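Here are a few notes from my read-through, written to be followed with the model open beside you.

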Amino acid sequence: MQVGFDEKQGQYAALDVKLINEAGETVMLSDIIKKPTILNLVYFRCPGTCSPLMWGISKFIDGVDLELGADYQVLTISFDYTESIDLGIQKKANYVSTMKKKEAAKNWQFFVSDSIDIARLTSSVGFNYKYINNQFIHPTGLIALAADGKITRYLRGIEFLPFEIKITMVEAANGKIGPSINRVLAICYSYDENGNKFVFNVTRVSAIIIIFIAIVMFLVLVLTKKKPHKEV
């Protein structure tokens, strides 16, 4: 099994798995998913991309034109069965403390589970990872689910534009299956820390256009250059 997303759009997440919520209660995933859902699989002690990914979630919760808990939901589940929910609660507090929508962010739910249920859940959504050299090697991104648990889209990366989250959740509400989000969108936009929003990156896009035009002109000159006539 290779590390990465084995995309399974149109298939269903295993909803009969048991999770432990922030209150320490054992719940079924089927009892939690009642609306379009962003599924976030991480492990809390991750030294790599998990923390930036969750910071990315905190940013789009603040920026998206949808109400968390009413229009959609975000579930963060640790795939490391040795981790406790107390650690998850501490991590959540770190992210929520910097957010503007602190009340809405309370609906960002954190969970842990046992090895059997984690294995069934990750397998059902095509999240493939390995434990190597005392740490997990895993894919980075989010999985969009419809209210019935159907996998509708994969969003790869660590930062996401508010409108790509909104489009994904609107499609999930209708059970519409879509391809993985094109990361070209992220090239055209950058995050403004002061304004706490994504803005069109004119400099970056202009540079790309200039480089593209330069390459095209170079190819045209090379391909249209006349060969010198041979001397008689």
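1. Let's begin with what H5 touches: its buried residues pack against strand S2 (18–20), helix H1 (29–32), strand S4 (37–42), S5, strand S7 (127–128) and strand S11 (151–156). Please keep in mind that this is a predicted model.

2. Which residues of helix H5 (residues 115–124) are buried? They are Asp 117, Ile 118, Leu 121, Thr 122 and Ser 124. Viewed down the axis of H5, these residues fall within an arc of 165°, so they line one face of the helix. As background, an α-helix has 3.6 residues a turn, so residues three or four places apart point the same way.

3. Both ends of H5 deserve a look. Asp 114 caps the N-terminal end, with a side-chain oxygen 3.2 Å from the backbone nitrogen of Ile 116. After H5 comes Gly 126, which has a positive phi, near 75°.

4. Now for the rings: the model has 15 aromatic pairs. One of them joins Phe 79 and Phe 136 edge-to-face, at 5.2 Å centre to centre and 85° between the planes. Phe 79 lies in the loop between strand S5 (73–78) and helix H3 (85–96) and Phe 136 in strand S9 (residues 135–137), so the pair ties together parts that are 57 residues apart in sequence. Both Phe 79 and Phe 136 are buried.

5. Ring pairs also link these two into a cluster with Phe 5, Tyr 43, Phe 127, Tyr 129, Tyr 131 and Tyr 154.

6. Finally, the whole chain: eight helices and 13 strands, with 45% of its 232 residues buried.

Conventions
Residues numbered from 1 in each chain as written. Predicted model: local features only at pLDDT ≥ 70, side-chain atom pairs only at ≥ 80, totals over all residues. Heavy atoms only, no water. Helix = DSSP H or I, 4+ residues; strand = E, 2+ residues; numbered from the N terminus. Buried < 20%, exposed > 50% of the residue type's maximum accessible area, 1.4 Å probe, protein only. Phe/Tyr/Trp six-rings, centres within 6.5 Å; stacked < 30°, edge-to-face > 60°. Arc of directions from axis to C-beta. Contact = heavy atoms within 4.5 Å. Polar contact = N/O pair within 3.5 Å; in protein donor to acceptor, adjacent residues only side chain to side chain.
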